[in-house]
Amino acid sequence: MVKKSLIHREKKRQELEQKYHLIRRSSKKEISKVPSLSEKWKFHGKLQSSPRNNAATHLHRRCFLTRRPRANYRDFGLSGHILHEMVHACLLMGATRSSW
Amino acid sequence: MGQKINPLGFRLGTTQSHHSLWFAQPKKYSEGLQEDKKIRDCIKNYVQKNMRLSSGVEGIARIEIQKRLDLIQVIIYMGFPKLLIEDKPRKLEELQMNVQKELNCMNRKLNIAITRIGNPYGHPNILAEFIAGQFKNRVSFRKAMKKAIELTEQADTKGIQIQIAGRIDGKEIARVEWIREGRVPLQTIGAKIEYCSYRVRTIYGVLGIKIWIFIDEE
């Protein structure tokens, strides 16, 4: 399957993002509050100074069973193939074949 | 083969019910799924580890999980629950401790119950494990299939179909063999059909066993 190093990289990014979540949120709020441009640049500099792995945009969702980086559905956290198998095994609560 | 749809998935809205019963908001749905997966894996690993000592057919047919606000109810449907119920309190409690450690949730109680199935060989999962055991003992495949069909006839079912694919009898060229007894109406949605697809690892490779059992017609 997926290389272990990729999985650990994701974990690292998740931990960092959680740690800095509140700090980044407060910086973004201040940027929107402050009226003048130069002050906005100041707060923007603060945001830029922290390493990139603290940002939520660097996270990549993966299927929680196979760690597949593509074809993931947010509602289930699973990739398409595994989703199909689990629906047929009656393991996904409330999911049925659609017909109307 | 490519054309047949999984009969369990086909009947999900009507004659087939889901194996998990709970509700979650869309954002929390995947967390609930991960919990379910952890519970099921934990139980299966535990049963496999302990059953190796007694060398019987383990026979977990289904694991049902019902979740409420403060309680998680797990019902294990087993064919031969003797192995878990013999030293009655010990093993069940061990299981509970293991699963609780995996889940590490403090606000919800966990309750594990074991139900015995009436006719164990009427359920395809248990049959498949039986056939797998036969293959590991190098029984010829026709004998294994016929013995399995005899067992289901004792267990009072209306029809059964078994398909085995792979290096049958260890031959170099793989092929697909199947037998059918009684009627197995796969296209009728009102017919209750239990299905199981199981993989056996032999020294020659992997054999796929698929079993369809026709139980009842509404």
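**Charged pairs and their surroundings**

Tutor: Arg13(A) is a buried residue, its relative accessible area being 18%. That value sits just inside the class, because buried means under 20% relative accessible area. Before we go on, please keep in mind that this is a predicted model. The partner of Arg13(A) is Glu10(A), and their closest N and O atoms are 3.4 Å apart in the salt bridge they form. Glu10(A) is buried as well, with a relative accessible area of 8%. Both residues belong to helix H1 (residues 4–33) of chain A, where they are three residues apart, so about one helical turn separates them.

Now let's move to chain B, where the pairing has another layout. Lys67(B) and Asp36(B) form a salt bridge, with 3.5 Å between the closest N and O atoms. Here Lys67(B) comes from strand S2 (residues 60–67) and Asp36(B) from helix H2 (residues 29–54), so this bridge ties together parts of chain B that are 31 residues apart in sequence. Both ends are buried: Lys67(B) has a relative accessible area of 13%, and Asp36(B) has one of 2%. These two residues are also part of a network of salt bridges, which links them with Glu35(B) and Arg108(B).

Glu64(B) is buried at 12% relative accessible area, whereas Arg62(B) is partly exposed at 24%. Over all chains, the count comes to ten salt bridges.

How many salt bridges are there between chain A and chain B? The count is zero. What the two chains do have between them is three residue pairs in polar contact, with both residues at pLDDT 80 or more. By class, the side of chain A that touches chain B holds eleven nonpolar, four polar and two charged residues.

As for the extent of that interface, 17 residues of chain A are in contact with 21 residues of chain B. Together the chains bury about 1700 Å², and 68% of this lies on carbon and sulfur atoms. Three residues, His88(A), Cys90(A) and Met93(A), supply 40% of the area that chain A buries against chain B, which is more than any other three residues do.

Finally, here is a backbone detail to have at hand if you inspect torsions. Most residues other than glycine have a negative phi. Ala71(A) is not a glycine, yet its phi is positive, at about 60 degrees. You will find Ala71(A) in the loop of chain A that runs between helix H2 (37–49) and strand S1 (72–73), and this residue is partly exposed, with a relative accessible area of 45%. In chain B, Asp169(B) likewise has a positive phi of about 60 degrees without being a glycine. Asp169(B) lies in the loop between strand S5 (159–166) and strand S6 (175–182) of chain B, and is partly exposed at a relative accessible area of 43%.

Notes
Residues numbered from 1 in each chain as written. Chains lettered and ligands numbered in written order. Predicted model: local features only at pLDDT ≥ 70, side-chain atom pairs only at ≥ 80, totals over all residues. Heavy atoms only, no water. Helix = DSSP H or I, 4+ residues; strand = E, 2+ residues; numbered from the N terminus. Buried < 20%, exposed > 50% of the residue type's maximum accessible area, 1.4 Å probe, protein only. Contact = heavy atoms within 4.5 Å. Buried area = accessible area lost by both parts, 1.4 Å probe. Salt bridge = Lys/Arg side-chain N within 4 Å of Asp/Glu carboxyl O. Polar contact = N/O pair within 3.5 Å; in protein donor to acceptor, adjacent residues only side chain to side chain. Nonpolar A, V, L, I, M, F, W, Y, C, P; charged D, E, K, R; others polar.
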